[in-house]
Structure formats: structure tokens, C-alpha cells
Amino acid sequence: MPDDPIDPDQPSSPTLYSVAAGVATIALNRPERKNSMSAELMNGLDDDLARAEADEAVRVIVLTNVGNTFCAGADLKADRPGGADEPRVSLPDLLTRIMACPKPVVGRIDGHATGGGVGLVAACDLSIMRDDAKIGFTEVRIGVAPAVISVVCLPKMNRSDAMELFLTGDRITPARAAEVGLITAATAPDDLDETLAHYLDMLVRGGPSALSAAKDLVNRVPVMAQEEAFAWTAARSQALFTGPEAAEGIAAFRDRRDPSWVPDAEPRP
């Protein structure tokens, strides 16, 4: 049973939070508004991410949704900036929190994603999406552009795919989204949780410090100059190899057992 069970009978909550077996699940819970980024939803998501990050029992964070839309992007019915509905956190704040989180963030994309919602998908370290949904940069069709989310989406895409999808505003299949690098995998709706469980099982086998370092490598090394990158990665490698986590991991390898951080660790056959 989750330590903090999600209660679906609390529709007033913009996000739902639960923890079970080292996995914190955050669900966007405004299906009647297609989980668009209202102030209360953005504030709730920020609070839940901070809560999961601070909980030492949480190893992995899953971001998902209630309803048939993961996130439709900006809440176009909300007041404009300066109005009563202005969030205390910005979209760049949320995307940065997800990417900088020391714990893996996995998107369980159980519906459509458009506009800013694609930014949330791309900010996740891994994203698994049901293959009967659609995803797309639809901003140009309402006279704007995918400006802020381009910061997290463009590093995952090649130029020609990005240009096509940004300019046309076309909504594509998850299979195509996986091909262009926006998501990790597309799966049949009935297989979504099985595929998620497969990735979660692999993630909890990684050392917490090692997982955090691996995220840093992917996010930081590509934007460094070569000399800076070699110097920074050498220092990071030295710190990891001489740390207590590596000592436990190497000892476990030699003893043919799971490291202490793996849930319900048992000797290997």
C-alpha cells in the first residue's frame, strides 16, 4: 500500500501524490481542463516535486495524469500575467526542477500532450507514452511559438525534425515522437504500466549518487568545451570511485549479491 495513497475522491486537488516501494507518483489532476498549466496546477506540481526530492525514501519520481490528456500546455482561459491566477513558479522553474532533480523523473504519459505539455514530457529523464495518444508543438496555430520548451526539447531532436514539427504544429504519434527523441518509448495502453515497471525496476538498481551523477553527465557535458568537460568528468569520476556508494557496489559485485540500495536485496543465484 502507498504510504500517502492517492485519493481520487479529492477533485479539488490540482495534483495527486502517493509513495510506494520507493517510487513517488505525481498525477496532474485537472482532467476537465485537460491538465492545462493553471497557477494551482503549476504550484501543486512544484510542491510535489520538492516533497519527493526531500524524501529520502523516494528513489524515483513518476509524473503522470488523470484523464485522457497528459497536459495541454498553457491554460488559455486563465488571467493573463499579473492577474489573480498567476503562479508563484514559472514554466522554466518547473522544467529546471525536473532536470536538476537528483532523482530520476519518469513520465508515464497516459494521454495527449501538446504545447507546454511537451516540455514536461521532454524534461523527464525517461518518458513512456501510450501509443494511441498524440503529441505536438501546436503553438504556431494560435499565433505563438514553442519558445520556453525549446530549451528542453531541442537538445533531444535533430534540426530537421524540430523545424518540421515547430513550423507545422502537427500532432504526431508517440511512435514518431520516439523516433525524433522526444520520448523514450511508445507502448500499447494495456502495456503502459508493465513497461513503466520494467524501467522502474532497472532504475532502483542504480546507486542514488550514481543516478544523480549520470543525469548531470547527460545534461551538462554536451554544452561544455572539451577541455572543461574532461577536467570536470575526471574529478566527478574520482569522487564517485572513492565514495562509500562505489565501495558497496563493488563489494556487492564481488560477493554476487545486490547492493544495499536495491529494494528487498537478496543474494543472486
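## A residue to begin with

Where does I142 lie? In this predicted model, I142 is found in the loop that runs between β8 (135-136) and α4 (150-153). The residue is exposed, because its relative accessible area is 54%, and exposed here means over 50%. Together with L76 and V144, I142 makes a nonpolar surface patch of about 300 Å².

## The chain as a whole

The protein chain contains 10 helices and 10 strands, and its C-alpha atoms fill a box of roughly 60 × 50 × 40 Å when taken along the principal axes. The radius of gyration is 19 Å, which agrees with the value near 18 Å that a compact globule of 269 residues would have.

Buried residues account for 45% of the 269 residues in the protein chain, while the accessible surface comes to about 13800 Å², with 55% of that surface belonging to carbon and sulfur atoms. Among the contacts between residues at least 6 apart in sequence, 65% join residues that are at least 24 apart.

In soluble globular proteins, nonpolar side chains tend to be buried together. In this model, the largest nonpolar core has 47 residues, and the members that touch the most other members are F70, L120, I135, F137, C153 and L182. A second, separate core consists of 13 residues, including V62, I128, L196 and L200.

The surroundings of F70 can be described in detail. When its neighbours within four places in sequence are left aside, F70 is in contact with residues that include L28, N35, L63, T64 and N65, and the list of its contacts also holds I109, G111, H112, A113, G117, L120 and V121.

## Salt bridges between parts of the chain

Side chains of opposite charge can pair when their charged atoms come close. A search of the whole structure finds 18 salt bridges, one of which joins the side chains of R33 and D75 at 2.8 Å, N to O. R33 lies in the loop between β2 (23-28) and α1 (39-54), and D75 lies in the loop between β4 (69-71) and α2 (91-100), so this pair ties together parts that are 42 residues apart in sequence.

Another salt bridge is formed by R97 and E53, with the closest N and O atoms 3.7 Å apart. This pair links distant parts of the chain, since R97 is in helix α2 and E53 is in helix α1, 44 residues apart. R97 counts as partly exposed at 26% relative accessibility, and E53 counts as partly exposed at 31%.

## A helix pair and a network

R176 and E164 also form a salt bridge, and here the closest N and O atoms are 3.0 Å apart. Because R176 lies in helix α6 (residues 174-180) and E164 lies in helix α5 (residues 159-168), the pair ties together parts that are 12 residues apart in sequence. R176 is partly exposed, with a relative accessible area of 22%, and E164 counts as partly exposed at 35% relative accessibility.

Beyond these pairs, R108, D110, R130, D132 and D193 are linked in a network of salt bridges.

How values were computed. Residues numbered from 1 in each chain as written. Predicted model: local features only at pLDDT ≥ 70, side-chain atom pairs only at ≥ 80, totals over all residues. Heavy atoms only, no water. Core = buried A, V, L, I, M, F, W, Y, C linked by side-chain atoms within 4.5 Å. Buried < 20%, exposed > 50% of the residue type's maximum accessible area, 1.4 Å probe, protein only. Contact = heavy atoms within 4.5 Å. Patch = residues over 30% accessible without salt bridge, like charges linked within 9 Å, V, L, I, M, F, W, Y side chains within 5 Å. Areas by Shrake-Rupley, 256 points an atom, 1.4 Å probe, with all protein chains shown as cover. Salt bridge = Lys/Arg side-chain N within 4 Å of Asp/Glu carboxyl O. Helix = DSSP H or I, 4+ residues; strand = E, 2+ residues; numbered from the N terminus. Rg over C-alpha atoms; globule rule 2.2 N^0.38 Å.
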